[in-house]
Amino acid sequence: MSRSRWSSRNFNEGRITHPSIHIIMTARIYCFANQKGGVAKTTTAVNLGAYVAATGRRVLLVDTDPQSNATTSLGVNPRTLTTSLYDVLIDGRPVQDALTLTEWMNLDLLPSSTDLAGAEVEMAGVMARERLLARSLAPVAEKYDYIFIDEPPSLGLLTINGLTAATHGVIIPVQCEYLALEGLSLLVNTIRQVREILNEHLKIAGVVLTMYDARTNLGQDVVEEVRRFFPNEVFQTIIPRNVRLSEAPSHGKTILSYAPMSAGAMAYQALAQEFILRAEGVRTDIVSLSQPRA
Ligand SMILES: Nc1ncnc2c1ncn2[C@@H]1O[C@H](COP(=O)(O)OP(=O)(O)O)[C@@H](O)[C@H]1O
Ligand SMILES: [Mg+2]
């Protein structure tokens with residue numbers, strides 16, 4: 001047996017350790033982008049985040065949309081915040097000051113507020129303005145297994161910041177509707193440019209088909225069309241149109257706590273399992289290791 005094996009054995013004597021425990025892990029960062037509004041970027045980032053957290057993984061959801069939909073979906077009122085993403089990006093406040101707890105132990109939020117609407121203009125004059133978010137997240141990357149960035153419905157500077165920060169890729173939600181693919185070539189082009197100039201690791205990590213209505217032929221046609229366009233990226237799991245998913249945000253809840261037995265919840269649970277299998281190569285049970293905060 002080699003000397004190094006012995007010394008590592010001695011070092012760990014009497015302790016139960018996993019080999020990976022000595023490796024400093026940093027978060028896998030994904031952003032959820034599509035410049036079209038209403039395609040379920042926020043719904044997917046929030047609910048996928050909740051189910052990934054329910055496996056015991058530590059998840060941070062970053063809301064980069066001035067409309068603050070992800071923030072309110074997690075029961076946080078942007079008007080009562082003293083520190084939000086704006087202060088971190090524009091005023092250089094430590095990101096730790098803005099981290100906000102949610103009702104789930106393993107799910108934290110970096111909230112947005114309406115003043116983020118002015119951020120794109122204010123960022124324009126800043127050096128390395130495309131990397132502000134990536135730099136802001138670095139100090140907390142070791143605290144999390146996953147960081148999910150929910151993007152606004154545009155291809156502006158906030159979205160570019162998300163694409164630049166995304167170490168593990170972009171996930172594109174696509175609504176199963178007429179003209180679903182419209183505009184996607186523009187997004188794909190933007191992704192290519194960001195990869196060439198700002199983030200060489202950027203890839204399309206997945207395409208999620210959302211709001212599928214099984215009663216129409218159109219839905220099935222769109223599914224086939226999107227699968228032809230993104231043959232390797234589309235997740236098998238399709239998110240159905242489900243009224244519970246649209247109700248949950250107004251109660252400030254994820255679907256996991258609002259209606260865990262609904263078809264929408266089942267779909268996001270299946271998507272989380274498929275996502276983790278793709279990201280880590282492991283099968284997981286959603287056992288809700290993540291406890292609600294008392
Ligand atoms: N699968 C679904 N079934 C029904 N309503 C949905 C579903 N997914 C999203 N919605 C609703 O559609 C609207 C747009 O979704 P949202 O996630 O806010 O899109 P985006 O972030 O892309 O603008 C929201 O009101 C949301 O609650
Ligand atoms: Mg949104």
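Reader: Leaving aside neighbours within four places in sequence, which residues is alanine 263 in contact with?
Author: With those neighbours set aside, alanine 263 contacts Pro240 and Asn242. Please bear in mind that this is a predicted model.

Reader: Where does alanine 263 lie, and how far in space is it from valine 243?
Author: Alanine 263 belongs to helix 13.

Reader: Staying with helix 13, how does helix 2 pack with it?
Author: The axes of helix 2 and helix 13 (residues 263-280) are 9 Å apart, and the angle is about 70 degrees. That angle makes helix 2 roughly perpendicular to helix 13. The crossing of the two helices is right-handed.

Reader: Which residues meet there?
Author: From helix 2, Asn47, Leu48, Tyr51 and Val52 take part, and they meet Tyr268, Gln269, Leu271, Ala272, Phe275 and Ile276 of helix 13. By class, this contact holds eight nonpolar residues, two polar ones and no charged ones.

Reader: Let us turn to ligand 1. Which residues come nearest?
Author: There are 18 residues around ligand 1, and the nearest are Ala40, Lys41, Thr42, Thr43 and Ser246. Helix 2 (41-53), strand 7 (204-212) and helix 11 (243-247) are the elements that give two or more residues to this shell.

Reader: Which element gives the most to the shell, and how do its residues divide by class?
Author: Helix 2 gives the most, with three residues. The shell as a whole comprises seven nonpolar, nine polar and two charged residues.

Reader: How many residues of helix 8 are buried, and what covers them?
Author: Nine of the nine residues of helix 8 (residues 157-165) are buried. The covering elements include strand 1 (28-32), helix 6 (119-123), helix 7 (132-137), strand 5 (146-150), strand 6 (169-175) and helix 9 (184-197).

Reader: What about valine 95: is it buried or exposed?
Author: Valine 95 is buried, because it has 23 C-beta neighbours inside 10 Å. Valine 95 sits in helix 5 (residues 95-98). Beyond its neighbours within four places in sequence, its contacts are Val88, Leu110, Ser136, Leu137, Pro139 and Val140. Between the C-alpha atoms of valine 95 and leucine 133, 38 residues apart along the chain, the separation is 9.9 Å.

Reader: Finally, the backbone. What is the phi of serine 68, and what is that of alanine 128?
Author: Most residues other than glycine have a negative phi. Serine 68, however, has a positive phi of about 60 degrees, and alanine 128 has a positive phi of about 55 degrees.

Reader: Where are these two found, and is each buried or exposed?
Author: Serine 68 is in the loop between strand 2 (59-63) and helix 3 (69-73). Serine 68 has 23 C-beta neighbours inside 10 Å, so it counts as buried. Alanine 128 is in the loop between helix 6 and helix 7. Alanine 128 has 10 C-beta neighbours inside 10 Å, so it counts as exposed.

Definitions and conventions: Residues numbered from 1 in each chain as written. Chains lettered and ligands numbered in written order. Predicted model: local features only at pLDDT ≥ 70, side-chain atom pairs only at ≥ 80, totals over all residues. Near = placed C-beta within 6 Å. Helix = DSSP H or I, 4+ residues; strand = E, 2+ residues; numbered from the N terminus. Nonpolar A, V, L, I, M, F, W, Y, C, P; charged D, E, K, R; others polar. Buried ≥ 20, exposed ≤ 12 C-beta atoms within 10 Å, placed from the backbone. Contact = placed C-beta atoms within 7 Å. Axes fitted to C-alpha atoms, helices over the stretch in contact; angles between N-to-C directions. Parallel < 35°, antiparallel > 145°, perpendicular 65-115°, else oblique. Left-handed = near helix turned anticlockwise from the far one by under 90°.
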